[in-house]
Amino acid sequence: MDINTLIYFFTASVLLTIAPGPDNMYLLAKSLASGTKSGVALSAGLASGIVFHTTLVILGVAALIQSSPAAFTALKFVGAAYLLYLAWKAFKEKGELQLGETGESIPYGAIYRRGVLMNVLNPKVLLFFFAFLPQFVDTASDNMAIHIAILGAIFAVQAFSIFSLLALCAGKVRSFILKAKNLNRILGIVQGVVLTGIALAILLT
């Protein structure tokens, strides 16, 4: 794998990560509602999910799921159900969404696990990596698995860095709206709507 391929892959990865999407929207909403640290914890979870999907691509599980409509459908429903559950919690639980100075009421570990599950249970992400990563490696190479692992690690690191930067920016904005208590409910609705939208996108794809 030459340096030009790595530069091309890194550039493509950054562009894909910064492109507006459901992960970015939910990350911003969560960071505004709960602060920078919560956003960083969520970013770490999403990045860890990338590592999981990369491992599945290497093992060939992605190809198996792609070739099995039943397995793919089951994964879609599980992922959508989990996201709808999170959306329901966002709509209902006001305490989690308050912008108080005490910070996030949910442990950062739980937020991290939420990010992991959001990514792992989204079959679209798995199939995306199955189609995307091999484009940058020589499929005839004996080191293809190692090359895919390197690319997956690069994608995960840059995604975590960009997501964390978004969380930091949202956290800074949050400091200016701490007194606007009427925004609490709006942010909760935004989180719920985004999560519902992600779930519907999974089901309709």
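Two residues are in contact when heavy atoms of theirs lie within 4.5 Å. The model is a predicted one.

Start by selecting residues 3–18, which make up helix H1. Its 16 residues should span 22 Å at 1.5 Å a residue, and the distance of 23 Å between the end C-alpha atoms agrees with this.

Within H1, now pick Phe-9, Ala-12, Ser-13 and Thr-17, which are buried. These residues lie on the same side of H1, because the arc they cover around the axis is only 130°. Turn to the other side of H1 to find Ile-3, Asn-4, Tyr-8 and Leu-15, which are exposed.

What do the buried residues of H1 pack against? Show helix H2 (22–34), helix H7 (123–132) and helix H8 (144–174): these three are the packing partners.

Next, select Ile-162 in helix H8. Is Ile-162 buried or exposed? Its relative accessibility is 17%, so Ile-162 counts as buried, the cut-off being under 20%. Beyond its neighbours within four places in sequence, Ile-162 has contacts with Val-14, Thr-17 and Ile-18. For Thr-17, draw a C-alpha to C-alpha distance to Ile-162: the two are 7.5 Å apart in space and 145 residues apart in sequence.

Finish at the surface. Select Phe-91, Ile-189 and Val-193, which form a nonpolar patch there with about 230 Å² of accessible area together. Val-193 belongs to helix H9 (residues 183–204). With a relative accessible area of 48%, Val-193 is partly exposed.

Note on methods: Residues are numbered from 1 along each chain as its sequence is written. This is a predicted model: local features need pLDDT of at least 70, side-chain atom pairs count only at pLDDT 80 or more; totals for chains, interfaces and linings use all residues. Side-chain values use heavy atoms; hydrogens and water are left out. Helices (H or I, at least four residues) and strands (E, at least two) are DSSP runs, numbered from the N terminus. The expected span of a helix is 1.5 Å times one less than its number of residues. Buried means under 20% relative accessible area, exposed over 50%, partly exposed in between (1.4 Å probe, protein chains only). The arc is that of the directions from the helix axis to the C-beta atoms. Patches are made of residues with over 30% relative accessible area and no salt bridge: like charges are joined within 9 Å, nonpolar side chains (Val, Leu, Ile, Met, Phe, Trp, Tyr) within 5 Å. Accessible areas come from the Shrake-Rupley method with a 1.4 Å probe; for residues, only the protein chains shown count as cover. A salt bridge is a side-chain nitrogen of Lys or Arg within 4 Å of a carboxyl oxygen of Asp or Glu.
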